[in-house]
Amino acid sequence: MSIRVACLCGKVVIDLHGQPVARANCHCASCRDFYGVAMFSATAWDPASVQMEASEVRTFSHPEKQLKKAFCATCGEVVLGTNRLGMHVVPNAMLHRVGEEGSHSRWAPTMHLYYRQRVVDVLDELPKYLDGWDGALYSPE
Ligand SMILES: [Zn+2]
Ligand SMILES: [Zn+2]
């Protein structure tokens, strides 16, 4: 299975092969600062599953943390991140733009991570891990 995604202007194209390692909404402060979103909805991929046509891409590494992002030189959209585990993360916005193949049911997050650090509350049935997915779950009072 593979899917081709592109940035908003179409100059950066990424082919994703196989299945993501994880699909999550991340509420951690690092993602919030680095990606400029209240929560980061993304799929995580083994780097071998990701091929980027990169002539128009710029990258930026976090000055302190092991985070890197790639963005389109023309439209500025973040197309790919690399987390501290070396996984590539693809924002869900990229996938949903594709249409049928990028449908929510196929790529929807299966969990919330670092919910302890959230700045938005989410009312859904997904597991909400206070930290990473090997840790404790949030339970509403
Ligand atoms: Zn672009
Ligand atoms: Zn995060």
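Let's start at Tyr114, which is found in the segment after E10. Its phi is positive, near 55 degrees, in a residue other than glycine. Tyr114 is also buried, with 24 other C-beta atoms within 10 Å; a residue is called buried if 20 or more other C-beta atoms lie within 10 Å of its own, exposed if 12 or fewer, and partly exposed in between, with C-beta atoms placed from the backbone. Please keep in mind that this is a predicted model, in which local features need pLDDT of at least 70, side-chain atom pairs count only at pLDDT 80 or more, and totals for chains, interfaces and linings use all residues. Residues are numbered from 1 along each chain as its sequence is written, while chains are lettered from A and ligands numbered from 1 in the order in which they are written.

**Overall picture**

- The protein has three helices and ten strands; helices (H or I, at least four residues) and strands (E, at least two) are DSSP runs, numbered from the N terminus.
- Read from the N terminus, the order of elements is β-β-β-α-β-β-β-β-β-β-α-α-β.
- Along the principal axes, the C-alpha trace spans about 50 × 35 × 25 Å.
- Of the 141 residues, 26% are buried.
- Among contacts between residues at least 6 apart in sequence, 52% join residues at least 24 apart; two residues are in contact if their C-beta atoms, placed from the backbone, lie within 7 Å.

**Confidence**

- The average pLDDT is 93, and 100% of the residues score at least 70; pLDDT is the predictor's confidence in each residue, from 0 to 100.
- Among the elements, helix H3 (residues 104–107) has the lowest mean pLDDT (81), and E10 has the highest (98).

**The three-stranded sheet**

- Three strands form an open sheet in the order E1-E2-E5, with antiparallel pairing; two strands pair if DSSP finds at least two bridges between them.
- Its edge strands are E1 (2–6) and E5 (50–53), each of which pairs on one side only.
- E1 and E2 run antiparallel and are joined by five bridges, and the bridge partner of Val5 in E2 is Ile14.
- The hairpin of E1 and E2 has six residues between the strands, and there Gly10 takes a positive phi near 90 degrees.
- Val13 has Glu53 as its bridge partner in E5.

**The seven-stranded sheet**

- A second open sheet holds seven strands in the order E6-E7-E8-E9-E4-E3-E10, with mixed pairing.
- E6 (57–61) and E10 (112–113) stand at its edges with a single partner strand each, so one side of each is left without a neighbour in the sheet.
- E6 and E7 (residues 68–72) run antiparallel and are joined by five bridges, and Val57 stands opposite Cys72 in E7.

**The nonpolar core**

- The largest nonpolar core has 25 residues, and those with the most contacts inside it are Val5, Ile14, Cys26, Ala42, Val79 and Val90; such a core is a set of buried Ala, Val, Leu, Ile, Met, Phe, Trp, Tyr and Cys residues joined through C-beta atoms within 7 Å.
- The elements that give two or more residues to this core are E2, E3 (22–26), E4 (40–45), E8, E9 (88–91) and helix H2 (92–96).
- Leaving aside neighbours within four places in sequence, Ile14 is in contact with Val5, Val50, Gln51, Met52, Val79, Leu80 and Val90.

**Two residues outside the strands**

- Gly76 lies in the loop between E7 and E8 (78–82) and is exposed, with 11 other C-beta atoms within 10 Å.
- Gly76 and Leu8 are 68 residues apart in sequence and 8.7 Å apart in space, C-alpha to C-alpha.
- Arg118 sits in the segment after E10 and counts as buried, with 20 C-beta neighbours inside 10 Å.
- Leaving aside neighbours within four places in sequence, Arg118 is in contact with His27 and Met39.
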